[in-house]
Amino acid sequence: MLQIQENVSLKNFNTFGVEAKARYFVEINHKDDLVELFMDPQWKQTETLILGGGSNLLLINNFDGLVIRINIRGIEHRISHNDVFIEAGAGEVWNDLVNFCVIREYAGLENLSLIPGSVGASPIQNIGAYGVELKDVFYSCCAFELATGTFKTFTKEDCRFDYRESVFKSELKGQYIIVSVKFHLSLIPNFNLKYGAIEHELNNRGISAPTIKDVSQVVSYIRVSKLPDPSTIGNAGSFFKNPVINADVFTKLQANFPDIVNYPAGNGLIKLAAGWLIEQCGWKGKMVGHTGTWKNQALVLVNHGGASGAEVYSFSSQIIDSVYTKFGVTLQREVNIIS
Ligand code: FAD
Ligand code: EPU
C-alpha cells in the first residue's frame with residue numbers, strides 16, 4: 001500500500017539543504033508502485049517532481065504537487081566473455097554501484113567515482129567526470145511513461161546524450177521516470193588517465209601500472225580536495241555548464257584574455273572553463289548573504305547555512321550578469337531549477 005504523506009519538508013532531500021515543503025510526497029520502492037500510483041486519476045492531474053538524491057536541483061519555492069522519491073533497489077550482473085552487463089535499480093546510490101564494480105574489477109565506472117546522487121538520475125544529464133561520461137558505459141534504461149502508465153526501453157541512441165544533456169532533460173522532460181539502468185562494462189580496463197590531475201597523482205603515489213581500484217581512489221582523492229562535501233556545506237556540484245563556443249568567437253576572446261582556460265570540444269567548438277571565468281570576475285570564495293562560491297572551485301555555489309533557494313538563484317543571476325559583462329559569454333545553469 002502506497003503511503004502518500006502531506007506537507008513534507010524537503011530540506012534533507014536536497015544537497016543544497018534549502019527549506020521547501022512538498023504538498024504531497026511518496027516513496028517508490030518497486031517499479032509496479034508507479035503503475036498503482038497512476039491508476040488513481042488524482043495523480044495523473046497533479047504536477048510531479050521526480051526526486052533521486054536531490055544533488056542536482058535547486059528548490060525555489062514550496063512544491064505544490066506530488067514529489068515522487070525513487071528508491072527502487074537491486075543490482076544484477078552478468079558476464080559474457082570479457083563483457084560485463086550490470087542492471088541497477090534507479091534508487092541505488094551511484095557511488096555504491098561504482099564500488100560494487102570496483103571491488104569486482106569490472107572496468108568502466110572508476111573515473112565516475114564519488115559523484116553524488118542516484119543511478120536513475122545518471123542518464124538525465126549524462127553525468128561525467130575526468131574524461132568519462134555516462135554515455136561511454138550506458139547500454140539502455142527502462143522508464144515509466146506518466147501519460148500512458150507503461151514501461152519503455154531507451155537505447156543509447158534514443159537518449160541523445162550530449163555534454164550534460166539527454167532527451168530526458170529536453171524534449172521528454174518530466175514525461176518519464178527512469179526505473180532501472182543497464183551498463184556495459186568490461187573485465188579488461190581501458191583507462192582514461194589523461195584528464196586533470198589523475199596521472200600526476202598516480203605518479204605521486206609511485207603507481208605506474210594502476211588497477212581499477214587505484215584509479216577510483218585517485219579520482220576520489222582529487223574530488224575531495226576540490227569539491228565541498230554536501231553533508232557539511234550545502235551545494236549541488238557545478239552550478240553552471242562549461243560554455244561551448246565557436247572558434248571565431250574564441251579567437252577574439254583569447255586576443256583580449258590570453259590566459260583563458262579552454263579545451264577543444266570537437267566540430268571546431270571550444271569549451272571554456274566556467275570556473276575560470278567566474279574567478280576572473282572576482283567571485284571565487286566570495287560570500288554574499290547566506291550563499292557564495294566555494295573557495296577551491298568558483299563553479300560551485302554553496303549554502304553557508306540558512307540560504308533560501310531564491311537567494312541562491314538570485315546570486316547565480318548576478319554571476320551570469322558579471323561573466324556576460326566581462327567576457328560576452330552567457331553561462332547556462334547545469335542545476336535543475338524547480339520553481
Ligand atoms: P536529483 O537531484 O534528485 O535529480 C536531478 C534531476 O533528475 C531532476 O530534474 C529530477 O527530477 C530528475 N530525476 C532524478 N531521478 C530521476 C528518475 N529516476 N527518473 C527521471 N528523472 C529523474 N554531476 C556530474 O555530472 N559530474 C560530477 O562530477 C558531479 N559532481 C558533483 C559533486 C557534488 C559535490 C554534487 C553535490 C553534485 C555533483 N554532480 C555531478 C551533480 C549530481 O551529482 C548529478 O547530476 C547526479 O546525477 C544527480 O543525481 P540525483 O539522484 O541526486 O538527482
Ligand atoms: N578553474 C579556475 N578557477 C576555479 C575553478 C576552475 O580557474 O575556481 C579552471 C582551472 O584552470 C581548472 C579548470 O578550470 O584547471 C577546470 O576545473 P576542474 O578540473 O575543477 O573542472 P570543471 O570544468 O570546473 C568539470 C565538471 C565537473 C567534473 C570536473 C572533473 C562541468 C560543468 N563540471 O568541472 O562536474 O567533476 O569537470 O571532470 O562540466 C558537476 O557537473 O556537478 C561537476 C562537478
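Ala, Val, Leu, Ile, Met, Phe, Trp, Tyr, Cys and Pro count here as nonpolar, Asp, Glu, Lys and Arg as charged, and the others, Gly among them, as polar. The model is predicted, with local features needing pLDDT of at least 70 and side-chain atom pairs counting only at pLDDT 80 or more, while totals for chains, interfaces and linings use all residues. Residues are numbered from 1 along each chain as its sequence is written, chains are lettered from A and ligands numbered from 1 in the order in which they are written, and side-chain values use heavy atoms, with hydrogens and water left out.

**View 1. Residues around ligand 1.** The shell around ligand 1 has 32 residues, of which Ile50, Gly53, Ser55, Ser118 and Gly128 come nearest (a residue is near if one of its heavy atoms lies within 4 Å). By class, 16 residues of this shell are nonpolar, 14 polar and 2 charged.

**View 2. Polar contacts of ligand 1.** A polar contact is a pair of N or O atoms within 3.5 Å; within protein, one must be able to donate a hydrogen and the other to accept it, and residues adjacent in sequence count only if both atoms are side-chain atoms. A polar backbone atom of Pro116 is 2.9 Å from an oxygen atom of ligand 1. Polar side-chain atoms also approach ligand 1 oxygen atoms, at 2.9 Å for Gln125 and at 3.4 Å for Arg164. On its own, ligand 1 has 970 Å² of accessible area, and the protein covers 93% of it (Shrake-Rupley method, 1.4 Å probe; for residues, only the protein chains shown count as cover). Two or more shell residues come from each of strand S3 (48-51), strand S8 (128-129), S12 and strand S13 (234-238) (helices, H or I, at least four residues, and strands, E, at least two, are DSSP runs numbered from the N terminus).

**View 3. Surroundings of ligand 2.** Among the 23 residues surrounding ligand 2, the closest are Tyr130, Tyr163, Glu279, Gln297 and Glu334. The shell divides into 11 nonpolar, 5 polar and 7 charged residues. Domain 2 (75-186) and domain 3 (234-338) each give at least three residues to this shell; the bounds come from an automatic or database domain assignment.

**View 4. Polar contacts of ligand 2.** Oxygen atoms of ligand 2 lie 2.8 Å from a polar side-chain atom of Asn242, 2.8 Å from a polar backbone atom of Ala298 and 2.7 Å from a polar side-chain atom of Glu334. Taken alone, ligand 2 exposes 820 Å², and the protein buries 82% of that.

**View 5. Salt bridge between Arg23 and Glu6.** The closest N and O atoms of Arg23 and Glu6 are 2.9 Å apart (a salt bridge is a side-chain nitrogen of Lys or Arg within 4 Å of a carboxyl oxygen of Asp or Glu). Arg23 lies in strand S2 (residues 21-28) and Glu6 in strand S1 (residues 5-9), so the pair ties together parts 17 residues apart in sequence.
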